[in-house]
Structures are given as structure tokens and as C-alpha cells.
Amino acid sequence: VKFRFKQIPQEGQIRRLKDISQAETLELSDGILKELITLSGGDLRKSITMMQSGSSFYGDDLSVEKIQSIAGAVPEKIINDTLNELMTKHDSSSALDVAESLSFEGFPTLQISQQMLDTLME
């Protein structure tokens with residue numbers, strides 16, 4: 001038997017994450033809460049786990065960039081710069097060089113691809 005749960009609306013997730021963060025005496029901006037939800041794919045349990053990990057690593061000094069780091073996300077600037085380079089060069093060997101260099105920096109190829117796709121779809 002498979003259970004299919006409806007996704008909780010973003011407003012409900014933000015409310016719940018705020019409740020938890022206040023109970024844990026963490027002051028998190030709406031931007032951080034929205035990033036938790038985005039990076040977790042709307043999975044509230046994943047958002048809570050990332051928030052807990054962030055609190056363990058950084059205490060009260062959490063930021064969007066630190067949450068992205070915990071999630072293994074590629075910083076937006078790198079994604080945008082990479083897409084700009086790929087779009088201006090129109091060269092497949094250049095694209096492979098960029099992908100290889102990001103991979104050597106420790107970013108998973110699937111993560112890079114997904115974030116580039118998400119950025120292009122916006």
C-alpha cells in the first residue's frame with residue numbers, strides 16, 4: 001500500500017517552522033524559512049532536519065547561504081555565472097569544462113543540473 005500525502009501549502013510550512021524555531025530560540029528570517037522549504041522540495045520533515053542541522057553547525061548565526069551549504073546546493077551566483085558563460089560561448093567543450101570544474105569543487109552533477117534547470121524555468 002502506498003500513501004500519498006498532499007503537500008502542505010508554503011504558508012502552513014512557514015508557520016510550523018516559525019513555531020519550531022521560536023521554541024528552540026532561533027531567530028530565522030522568512031527568507032531562510034522559504035529557502036528551507038525550497039531546498040527540501042516542500043518536505044516539511046526535511047526542512048525541520050535542515051533547520052536542526054543548521055542550528056547544530058552554526059547556532060543562531062544562520063543565513064540562506066549557510067542553509068544552502070548544509071543542503072549541498074550550489075550558490076546562486078555560481079549557477080548564474082555558469083549559465084551566462086554557457087549561453088554566451090555556445091561551445092559544448094566549454095560546457096563540459098565548466099561542469100567538470102564544478103564537479104571538482106565538490107558539487108554533485110545532478111544538483112548542478114537541477115539548479116540550472118530550475119533557474120532557466122523561472
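Q: What makes V1, F3 and F5 a nonpolar patch on the surface?
A: In this predicted model, V1, F3 and F5 together expose about 500 Å² of accessible area as a nonpolar patch. A patch takes residues with over 30% relative accessible area and no salt bridge, joining nonpolar side chains (Val, Leu, Ile, Met, Phe, Trp, Tyr) within 5 Å and like charges within 9 Å. Accessible areas come from the Shrake-Rupley method with a 1.4 Å probe, and for residues only the protein chains shown count as cover. The model is predicted, so local features need pLDDT of at least 70 and side-chain atom pairs pLDDT 80 or more, while totals for chains, interfaces and linings use all residues. Residues are numbered from 1 along each chain as its sequence is written, and side-chain values use heavy atoms, with hydrogens and water left out.

Q: Why is V1 called exposed?
A: The relative accessible area of V1 is 96%, and exposed means over 50%, buried under 20%, and partly exposed in between (1.4 Å probe, protein chains only). V1 is therefore exposed. This residue is placed in the segment before α1 (10-23); helices (H or I, at least four residues) and strands (E, at least two) are DSSP runs, numbered from the N terminus.

Q: Is T25 buried or exposed, and how do you know?
A: T25 has a relative accessible area of 61%, and is therefore exposed. T25 lies in the loop between α1 and α2 and has a positive phi of about 55 degrees, although it is not a glycine.

Q: How do you know that K18 and D30 meet in a salt bridge?
A: The N to O distance between their side chains is 3.1 Å. The criterion is a side-chain nitrogen of Lys or Arg within 4 Å of a carboxyl oxygen of Asp or Glu, so the K18 and D30 pair qualifies as a salt bridge. The pair links distant parts of the chain, with K18 in helix α1 and D30 in helix α2, 12 residues apart. K18 is partly exposed at 31% relative accessibility, and D30 is likewise partly exposed at 39%. The structure holds 4 salt bridges.

Q: What makes K77 and D81 a pair separated by about one helical turn?
A: K77 and D81 are 4 residues apart in helix α5, which means a separation of about one helical turn. Their closest N and O atoms are 2.8 Å apart, forming a salt bridge. K77 counts as exposed because its relative accessibility is 59%, whereas D81, at 37%, counts as partly exposed.

Q: Why is K66 called partly exposed?
A: K66 has a relative accessible area of 22%, and therefore counts as partly exposed. K66 forms a salt bridge with D61, with the closest N and O atoms 2.6 Å apart.

Q: Which residues lie nearest the centre of the largest pocket, and how is its lining divided by class?
A: E35, T38, L39, Q115 and D118 lie nearest the centre, among 16 lining residues. The lining has 5 nonpolar, 7 polar and 4 charged residues. Ala, Val, Leu, Ile, Met, Phe, Trp, Tyr, Cys and Pro count as nonpolar, Asp, Glu, Lys and Arg as charged, and the others, Gly among them, as polar. A pocket is an open set of points on a 1 Å grid over the protein atoms alone, where a 1.4 Å probe fits, with protein on both sides within 12 Å along at least five of seven lines; lining residues have an atom within 4 Å of a point.
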